[in-house]
Amino acid sequence: MENLINNKFLLLTYIALAINFAVSAFMLTNDPILITTEKIYSIAGEAGAISCGPIIVVKENHKDDYEYLRHEYQHYCNQAVLTPIGHFMIYVFGAFEGFVRYGNWKMAYANNPLERDAFDKQNDGIEFKVFDWNLKQKKTITNGR
Ligand SMILES: [Zn+2]
């Protein structure tokens, strides 16, 4: 215990891992929190929707777009199971592996295993629930069929 307190790196690593698994446990037992916003900036430029841990952010003009929400929900599910840090490491590895293989980031993105999984599922038609942060209530997402 004294060793843990004296070693700041080890202490911060344990705190990060504890938060990582706590977030994962929260995600496995709750619905995603959906936030609607005007604009989303990511490292890949302007995006229609992104997900990070328990939060899915969607741009105003895509808030009723099943494909966008279902795509991000798949990322949410993968993050819940792989834990956010595990998902991040696999995603980044997939991005760089794709860049080495295809020579450009657009193809690397399209062929990232976690993106391919999300693209495969975005039209499967399943229903899922989200907590709509803007409306402060639960909402069921369906593909309208
Ligand atoms: Zn995606």
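Start by selecting H2 (residues 8–29) and H3 (residues 66–82). In this predicted model, their axes come within 8 Å and cross at roughly 130 degrees. Angles over 145 degrees would count as roughly antiparallel and 65 to 115 as roughly perpendicular, so H2 and H3 are oblique to each other. As for handedness, the H2 and H3 crossing is left-handed.

Now show side chains where these two helices touch. From H2, pick Ser 24, Met 27 and Leu 28; across from them in H3 sit Tyr 76, Gln 79 and Ala 80. Colour that H2–H3 contact by class and you get four nonpolar residues, two polar ones and no charged ones.

The crossing of H3 and H6, though, is right-handed.

Next, select the residues in that contact. On the H3 side they are Arg 70, His 71, Gln 74, His 75 and Asn 78; on the H6 side, Leu 114, Asp 117, Ala 118, Phe 119 and Lys 121. Colouring by class here gives three nonpolar, four polar and three charged residues.

Hop back to H2 and click on Thr 13. Buried or exposed? Thr 13 has 12 C-beta neighbours inside 10 Å, so it counts as exposed. While you're there, draw a distance from Thr 13 to Asn 78: the two are 65 residues apart along the chain, and their C-alpha atoms are separated by 22 Å.

Time to zoom out. Colour by secondary structure and you'll find six helices and seven strands. Going from the N terminus, the order is α-α-β-β-β-β-β-α-α-α-α-β-β. The C-alpha trace spans about 60 × 45 × 25 Å along its principal axes. Of the 145 residues, 17% count as buried. Among contacts between residues at least 6 apart in sequence, 47% join residues at least 24 apart.

Last stop: colour by pLDDT. The average is 94, and 98% of the residues score at least 70.

Technical notes:
Residues are numbered from 1 along each chain as its sequence is written. This is a predicted model: local features need pLDDT of at least 70, side-chain atom pairs count only at pLDDT 80 or more; totals for chains, interfaces and linings use all residues. Axes are lines fitted to C-alpha atoms, for helices over the stretch in contact, and angles run from 0 to 180 degrees between N-to-C directions. Helices (H or I, at least four residues) and strands (E, at least two) are DSSP runs, numbered from the N terminus. A crossing is left-handed if the near helix is turned anticlockwise from the far one by less than a right angle, and right-handed if clockwise. Two residues are in contact if their C-beta atoms, placed from the backbone, lie within 7 Å. Ala, Val, Leu, Ile, Met, Phe, Trp, Tyr, Cys and Pro count as nonpolar, Asp, Glu, Lys and Arg as charged, and the others, Gly among them, as polar. A residue is buried if 20 or more other C-beta atoms lie within 10 Å of its own, exposed if 12 or fewer, and partly exposed in between; C-beta atoms are placed from the backbone. pLDDT is the predictor's confidence in each residue, from 0 to 100. Angles under 35 degrees count as roughly parallel, over 145 as roughly antiparallel, 65 to 115 as roughly perpendicular and the rest as oblique.
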